[in-house]
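This report is meant for someone who is looking at this structure for the first time.

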Amino acid sequence: MRPGAAASRGGATSRVPGEERTLTSVAAGARYEGEEPKDLPRLWHVTLSVSGDEAPLKEVRRGLEQLAHDHPFLLTSRYANDHAEIRYWEEARDLHDAAAVALRLWGEHRQTAKLPPWEIVGLEVIDRETYHQRISEGYGPLPATPVGVHPF
């Protein structure tokens, strides 16, 4: 049996072979009864990775600098001629909101900042506590120093 497949006590799966599994989710912001409301904004550390066909390094750098000007919360951008990584802090109510903003960032600024027509290939959104815990334990990327736009 593959990992994650539901099984009955007899070892048989609870669905017909070939039948699609139904995925369920909890609505964004859903809480358990008696749980304190979490509507206050929090800080989320976002790492957005993009890549695509090669573009001139000068144009990539200029586009990322313009993006940093248009989106003043950008901490750092690293780039090469076929990929880039953007790291910044986002203030949002929950992870869903922070991720939604991050997923729109590249596309919404592509024309105004004249960014390459690359696609988003990675996204990590973690809360401030998790970010600082990783740093203190020696995991994850070091704090963004120096701040700005830099080649890989």
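How many bridges join strand E2 to E3, and do the strands run parallel or antiparallel? In this predicted model, strand E2, which spans residues 74–79, is joined to E3 by 5 bridges, and the strands run antiparallel. One of the paired positions is Leu 74, whose bridge partner in E3 is Tyr 88. With 3 residues between them, E2 and E3 form a hairpin. Strand E2 also pairs with strand E5 (residues 148–151), here in the parallel sense and over 4 bridges, and in this pairing Arg 78 stands opposite His 150 of E5.

**Aromatic rings**

Across the whole structure, a search finds 2 aromatic pairs. Trp 89 and Tyr 131 make an edge-to-face pair, with 5.0 Å from centre to centre and 80 degrees between the planes. This pair links distant parts of the chain, since Trp 89 belongs to strand E3 (residues 83–92) and Tyr 131 to helix H3 (residues 128–136), with 42 residues separating them. Trp 89 and Tyr 131 are both buried.

Why does the pair of Trp 106 and Trp 118 count as stacked? The ring centres of Trp 106 and Trp 118 are 6.2 Å apart and their planes are at 5 degrees, so this pair is stacked, given that planes under 30 degrees apart count as stacked. Here too the pair links distant parts of the chain: Trp 106 is in helix H2 (residues 95–109), while Trp 118 is in the loop between H2 and strand E4 (119–127), 12 residues apart. Trp 106 is buried, as is Trp 118.

**Salt bridges**

Side chains of opposite charge can pair when their charged atoms come close. The structure holds 7 salt bridges, and the table shows some of them.

| Salt bridge | N to O distance |
|---|---|
| Asp 127 and Arg 42 | 3.6 Å |
| Arg 78 and Glu 85 | 3.0 Å |
| Arg 93 and Asp 97 | 3.4 Å |

In the salt bridge between Asp 127 and Arg 42, the closest N and O atoms are 3.6 Å apart. Because Asp 127 lies in strand E4 and Arg 42 in strand E1 (residues 42–51), this pair ties together parts that are 85 residues apart in sequence. Arg 42 has a relative accessibility of 35% and therefore counts as partly exposed.

Through salt bridges that share partners, Arg 93, Asp 94 and Asp 97 are joined into one network.

Lys 114 is not a glycine, yet its phi is positive, at about 55 degrees. Lys 114 is placed in the loop between H2 and E4, the loop that also holds Trp 118. With a relative accessible area of 59%, Lys 114 is exposed, whereas Trp 118 is buried.

Note on methods. Residues numbered from 1 in each chain as written. Predicted model: local features only at pLDDT ≥ 70, side-chain atom pairs only at ≥ 80, totals over all residues. Heavy atoms only, no water. Phe/Tyr/Trp six-rings, centres within 6.5 Å; stacked < 30°, edge-to-face > 60°. Helix = DSSP H or I, 4+ residues; strand = E, 2+ residues; numbered from the N terminus. Buried < 20%, exposed > 50% of the residue type's maximum accessible area, 1.4 Å probe, protein only. Pairing = 2+ DSSP bridges. Salt bridge = Lys/Arg side-chain N within 4 Å of Asp/Glu carboxyl O.
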